[in-house]
Amino acid sequence: MPDRARPIRTSALPAALVAAGLLLTACGTTPGPDRPAGARAPQATATAETPEKAEAAATLGGPGSACALPVSFALAEDWKPEAIKDPEDPEFAALTRQGPAVVRCEVDAKPSGNIGYLRVWTAGKGPARTALEAFVKAEKGSSKASYRETKAGALPATEVTYTVSNELMEESKEERAFAVSTPKGTVIVHLGGLDTGEHRAMLPAYELAKSTAKAL
């Protein structure tokens with residue numbers, strides 16, 4: 001999977017990718033524009049240890065939601081979900097696959113004022129930790145992964161915090177994800193952002209998704 005530190009510009013994608021309707025709108029390798037008008041600066045008080053709380057504004061994954069998923073969870077206000085079209089197409093495997101996982105849905109944070117996203121991935125049946133470890137290992141530039149057993153809603157889950165080096169920006173940034181096993185396979189919910197500041201500012205939305213996760 002290419003480094004997702006910057007928003008992808010549709011014009012930078014191959015014509016075949018646009019024609020297929022695959023829109024990975026939040027982040028990619030192509031340098032994007034400056035912060036959108038009216039966007040908030042990263043909130044230094046939203047840390048991994050004491051994230052602020054986000055209020056639920058919608059539910060993703062259930063009947064009638066933007067993405068059909070093996071789980072559902074709450075979305076923070078102004079986070080906009082979009083299903084990934086044709087994620088199984090091998091022509092776009094470099095964009096839609098990471099280790100054992102295939103991306104199914106992307107939730108864009110830009111309308112809420114941050115540059116980043118939540119992406120939901122699915123993998124085959126098996127231990128959540130095994131899938132999550134393979135997922136992180138497959139990400140280029142990933143290191144310093146720290147795993148812990150936790151809960152996602154009432155579901156047993158494995159969570160990881162790790163570092164991704166960005167050669168273009170000559171710096172590293174934090175990322176994290178949690179994984180749960182369901183009867184329909186493993187689900188990985190990944191939080192990415194422009195940089196560590198953006199990542200930490202978006203933690204409330206991530207924690208909201210984790211605390212409200214339910215198997216469907």
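Cys67 and Cys105 form a disulfide, with their sulfur atoms 2.0 Å apart. The model is predicted. A search of the whole structure finds 1 disulfide. The torsion about the S-S bond of Cys67 and Cys105 is about 65°, so the disulfide is right-handed. The pair links distant parts of the chain. Cys67 sits in the loop between β1 and β2, whereas Cys105 belongs to strand β5. The two cysteines are 38 residues apart. Cys67 is buried, at 1% relative accessibility. Cys105 is also buried, with a relative accessible area of 0%. Both values fall under the 20% limit that defines a buried residue.

The strands on either side of the Cys67 loop, β1 and β2, also take part in a sheet. This sheet is open and has 3 strands. Their order is β1-β2-β11, and the pairing is antiparallel. The edges are held by β1 (residues 56-60) and β11 (residues 214-215). Each of these has a single partner strand, so one side of each is left without a neighbour in the sheet. Strand β2 covers residues 71-76 and pairs with β1 over 4 bridges. Helix α5, residues 203-211, lies across β1 and β2. The helix runs at about 150° to β2.

Nonpolar packing was examined next. The largest nonpolar core has 29 residues. Leu60, Phe73, Trp79, Leu118 and Val180 have the most contacts inside this core. Several elements give two or more residues to the core. Among them are β2 and α5. The others are β5 (101-108), β6 (116-123), β8 (155-166), β9 (171-182) and β10 (185-193). What does Val180 touch, leaving aside residues up to four places away in sequence? Its contacts are Val71, Ala128, Ala152, Leu155, Pro156, Ala157, Gly185, Thr186 and Val187. A second core is separate and has 14 residues. Leu132, Val136, Val164 and Ala179 are included in this second core.

Gln98 is part of strand β4, residues 97-98. Is Gln98 buried or exposed? Gln98 has a relative accessible area of 1% and is therefore buried. Its side chain has polar partners. The side chain of Gln98 reaches the backbone oxygen of Phe135 at 2.9 Å. The Gln98 side chain also makes a polar contact with the side chain of Glu139, at 3.4 Å.

Backbone torsions complete the description. Most residues other than glycine have a negative phi. Asp78 has a positive phi, near 70°, although this residue is not glycine. Asp78 is placed in the loop between β2 and β3 (80-83). Asp78 counts as partly exposed, at 35% relative accessibility. Asp86 likewise has a positive phi, in this case near 55°. The loop between β3 and α2 (93-96) holds Asp86. At 44% relative accessibility, Asp86 is partly exposed.

Key:
Residues are numbered from 1 along each chain as its sequence is written. This is a predicted model: local features need pLDDT of at least 70, side-chain atom pairs count only at pLDDT 80 or more; totals for chains, interfaces and linings use all residues. Side-chain values use heavy atoms; hydrogens and water are left out. Two strands pair if DSSP finds at least two bridges between them. Contact means heavy atoms within 4.5 Å. Axes are lines fitted to C-alpha atoms, for helices over the stretch in contact, and angles run from 0 to 180 degrees between N-to-C directions. A nonpolar core is a set of buried Ala, Val, Leu, Ile, Met, Phe, Trp, Tyr and Cys residues joined through side-chain atoms within 4.5 Å. Buried means under 20% relative accessible area, exposed over 50%, partly exposed in between (1.4 Å probe, protein chains only). A polar contact is a pair of N or O atoms within 3.5 Å; within protein, one must be able to donate a hydrogen and the other to accept it, and residues adjacent in sequence count only if both atoms are side-chain atoms. A disulfide is a pair of cysteine sulfur atoms within 2.5 Å.
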